[in-house]
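Here are my notes on this model, point by point. Please keep the structure open while reading.

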Amino acid sequence: GLVVAAHGAQKLFGWGGGPGMKGFTGMMGAMGLQPAWLWGMLGGLGEFGGGLLLAAGLLNPLGPLAVIGAMAMAIVLVHWSKGFWGQKGGYEFPLVLLVAAAILGLTGPGAYSLDALLGLALPAALLFWPGVVGVALVVAYGVSLARRQAALAH
């Protein structure tokens, strides 16, 4: 979760040499995701906020769902065309993060989580699968926007 949060901090705040919100929003716009500020905020918060929630084990399964959405968009729009292997910019690592988030979303945050410490228990069974469907719909819409823009550019 902290790795994903750090990646999101690059996008939101420019930390670690990242593009910051202005640069990330420009990337979203260049991919055809409009309004770019909204897609940039969704991506940045999905990674940063979702990663923090996942690492803390807080409000499960909301953090895992945010990470699943951010990684699915990254895989489809950025990494898929480069193949599987990470050395070539492929989707290997984002896929590992997506699968790890999905597993934690399904199994729960565990005994050493803030949810356990605070006695919180969102209805994970009721939230996870509908959440996955919602995430899939948002990702599909974003991909359709990007592909439509790419088709217009050619």
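1. Contact means heavy atoms within 4.5 Å. The model is predicted, local features need pLDDT of at least 70, side-chain atom pairs count only at pLDDT 80 or more, and totals for chains, interfaces and linings use all residues. Residues are numbered from 1 along each chain as its sequence is written, and side-chain values use heavy atoms, with hydrogens and water left out.

2. **Main core.** The largest nonpolar core holds 26 residues. A nonpolar core is a set of buried Ala, Val, Leu, Ile, Met, Phe, Trp, Tyr and Cys residues joined through side-chain atoms within 4.5 Å. Buried means under 20% relative accessible area, exposed over 50%, and partly exposed in between (1.4 Å probe, protein chains only). Met 28, Leu 33, Trp 39, Ile 68, Met 71, Leu 98 and Val 139 have the most contacts inside this core. Two or more residues come from each of helix H2 (20–30), helix H3 (36–56), helix H4 (62–79), helix H5 (92–107) and helix H7 (124–153). H4 gives the most, with eight residues. Helices here are DSSP runs (H or I, at least four residues), numbered from the N terminus. Another core, of five residues, lies apart from the largest one; Ala 5, Leu 12, Met 21 and Phe 48 are among them. In soluble globular proteins, nonpolar side chains tend to be buried together.

3. **Helix H7.** Does the length of H7 agree or disagree with its residue count? It agrees: at 1.5 Å a residue, the 30 residues should span 44 Å, and the end C-alpha atoms are 42 Å apart. The expected span is 1.5 Å times one less than the number of residues. The buried residues of H7 are Phe 128, Gly 131, Val 135, Val 139, Gly 142, Val 143, Leu 145 and Ala 146. Their cover includes H3, H4 and H5.

4. **Start of H7.** Ala 124 is in helix H7. Ala 124 is partly exposed, at a relative accessible area of 24%. Beyond four places in sequence, Ala 124 touches Asn 60 and Pro 61. Ala 124 and Ala 9 are 115 residues apart in sequence and 27 Å apart in space, C-alpha to C-alpha.

5. **Aromatic pairs.** Rings of Phe, Tyr and Trp (its six-membered ring) pair if their centres lie within 6.5 Å; planes under 30 degrees apart count as stacked, over 60 as edge-to-face and the rest as tilted. The count comes to seven aromatic pairs. Phe 13 and Phe 48 have ring centres 5.2 Å apart and planes at 85 degrees, so this pair is edge-to-face. Phe 13 lies in helix H1 (residues 2–13) and Phe 48 in helix H3, so the pair ties together parts 35 residues apart in sequence. Phe 13 is partly exposed, at 43%.

6. **Aromatic cluster.** Trp 80, Phe 84, Trp 85 and Tyr 91 form one aromatic cluster. Within it, Phe 84 and Trp 85 make an edge-to-face pair, 4.8 Å centre to centre with 80 degrees between the planes. Phe 84 is partly exposed at 33% relative accessibility. Trp 85 is exposed at 52%.

7. **Largest pocket.** The largest pocket has about 760 Å³ of space. A pocket is an open set of points on a 1 Å grid over the protein atoms alone, where a 1.4 Å probe fits, with protein on both sides within 12 Å along at least five of seven lines; lining residues have an atom within 4 Å of a point. Grid points are joined across faces, edges and corners, and the volume is the space filled by probe spheres set on the points. The lining has 35 residues, of which Gly 43, Glu 47, Ala 70, Met 71 and Met 73 lie nearest the centre. H1, H2, H3, H4, H5 and H7 each give two or more residues to the lining. H4 supplies the largest share, ten residues.

8. **Backbone checks.** Most residues other than glycine have a negative phi, and most peptide bonds are trans. Which peptide bonds are cis? One joins Gln 34 and Pro 35, with omega about -5 degrees. Another runs from Asn 60 to Pro 61, with omega near 15 degrees. Pro 35 lies in the loop between H2 and H3, and Pro 61 in the loop between H3 and H4. Leu 59 also lies in the loop between H3 and H4. Its phi is positive, near 55 degrees.
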